[in-house]
Amino acid sequence: MTDKECKKIIDRAIEDNKVDAATEAHARTCPKCASTLALLALLKTSGSPTSDLKPSAAFLASIESSLTVTAAATSLKAKLLAAVVGAALTATIALTIFSHSSKSETQPGKTSETTSLTSSTEATSASNPAKPEAGADATAFPQLKFPSPTDEIK
Amino acid sequence: MSGTGFGRPPLTRNYESFESNDLIEMARKGQKQAFSMLVKRHYGTVMYYLMGFGIKKSDAEDITQEAFINAFRKIDQFKTSGSFVGWLLRIARNQHIDKLRKEKKFDTSGNEFDLLNLPDDRTPEAQVVSDAVVDDLYAGLKPQERVLIELRVFQQMPFSEIAEHLGSSEGNARLVFHRLIVRLRKKFRS
């Protein structure tokens, strides 16, 4: 196998974070890849080369105090937003109730608003001036006139 | 720290056992301790990354601090499908560039890294000491090389993304990584 193919195998092992059967089989015949895989396993177990630098206690304390300020500001923002949304909701509900109550005051015949679909439809029909009511004068509305089928024979 | 913080977790919680994604979720809910664990985990990578630009350790620490605070502020913007370390490094680099701009030292023409000609700011004494410790594979690695191993081996980052962070081409990042592996392998064998 060429060097390029060996690199591909190593890259795949790193990306998958495991050694598959094909890589294992290759490593048995390629001492370079076997050595590289052993090295990678060792690196993984010994930890990252950047982990030797640890933050000092002062650094962490400084970060944490900054985070407190940041988080407090965020929390305040969230609380403020919640308060604004709450106030807006309350105002909307209050307005809806007020408008409903003033509507029912203008219709003295109606004592209560019903929730059933039929009653609601009836109520809508009752308030609709375009719909003829039972017993109303039908001649007041335009009537369609079709020629009689016997007209042609005549 | 005060005992009445928001989203304060139980004191007995051991953050070391948590995966980074879990810590990120907790940090999003305002848990400072979870974020502090992320700071502890990735401090070295950000520091070495900045030192790779030739920044002094004390300056790198200031930028790292700002970068972490910024990361906490913007943690809601982080997409968990991406790499947290990559995101952190991007913030750190922007922080570094902002600092240079403020100091009017930012040179847009030559801000790219040449991975093949990494600056080695170790003293000759330090180099001798590092080389003497043959059993320590990491000794003698330059900051940028450490970051390269961290990103590739530990974060499984694709070369295209590594190249983006290191300001290099994908091919160059791949070449340097494999050369580094050969070097470490030789050291490992010996």
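A salt bridge is taken here as a side-chain nitrogen of Lys or Arg within 4 Å of a carboxyl oxygen of Asp or Glu. The model is a predicted one, in which local features need pLDDT of at least 70 and side-chain atom pairs count only at pLDDT 80 or more, while totals for chains, interfaces and linings use all residues. Residues are numbered from 1 along each chain as its sequence is written, chains are lettered from A and ligands numbered from 1 in the order in which they are written, and side-chain values use heavy atoms, with hydrogens and water left out.

By that rule A:Asp11 forms a salt bridge with B:Arg152, where the closest N and O atoms are 3.4 Å apart. A:Asp11 also meets the side chain of B:Arg174 in a salt bridge, at 3.1 Å from N to O. This second pair crosses between the chains, running from helix α8 of chain B, which holds B:Arg174, to helix α1 of chain A, which holds A:Asp11; helices (H or I, at least four residues) and strands (E, at least two) are DSSP runs, numbered from the N terminus. A:Asp11 is buried, with a relative accessible area of 7%, whereas B:Arg174 is partly exposed at 33%; buried means under 20% relative accessible area, exposed over 50%, and partly exposed in between, with a 1.4 Å probe and protein chains only. These pairs belong to a network of salt bridges that links A:Asp11, A:Glu15, B:Arg152, B:Glu170 and B:Arg174. In general, side chains of opposite charge can pair when their charged atoms come close.

What does the whole interface look like in terms of the area that chain B and chain A bury between them? The two chains bury about 3,700 Å², 70% of it on carbon and sulfur atoms, where buried area is the accessible area (1.4 Å probe) that two parts lose on being put together, summed over both. On the side of chain B, B:Gln156, B:His178 and B:Arg185 lose the most area to chain A, and together they make up 15% of what that side buries. Counted by residues, 41 of chain B are in contact with 36 of chain A, contact meaning heavy atoms within 4.5 Å. The rule finds four salt bridges across this interface, and the elements that give two or more residues to the side of chain B that touches chain A are α2 (32-51), α3 (57-73), α6 and α8 of chain B. The largest share of that side, 11 residues, comes from α2(B).

Leaving aside residues up to four places away in sequence, B:His178 touches A:Lys7, A:Asp11 and B:Phe159.

Turning to chain A, there are five helices and zero strands. Buried residues make up 20% of the 154 residues in chain A, and residues 24 or more positions apart account for 32% of its contacts with a separation of 6 or more. Helix α3 (residues 31-46) of chain A has 16 residues and reaches 22 Å from its first C-alpha to its last, close to the 22 Å expected at 1.5 Å a residue, the expected span being 1.5 Å times one less than the number of residues. Among the buried residues of α3(A) are A:Cys33, A:Leu37, A:Leu40 and A:Leu43. Their cover is drawn from both chains, and includes α1 (3-16) and α2 (21-29) of chain A together with α6 (143-154) and α8 (170-189) of chain B. Just after α3(A), A:Gly47 takes a positive phi of about 95°.

Chain B has eight helices and zero strands. Buried residues make up 47% of its 190 residues, and residues 24 or more positions apart account for 60% of the contacts in chain B with a separation of 6 or more. Within helix α1 (residues 20-28) of chain B, B:Arg28 and B:Glu25 lie three residues apart, about one turn of the helix, and their side chains meet in a salt bridge at 2.8 Å, N to O. B:Arg28 is partly exposed at 23% relative accessibility, and B:Glu25 is partly exposed at 34%. Over all chains, the count by this rule comes to 12 salt bridges.
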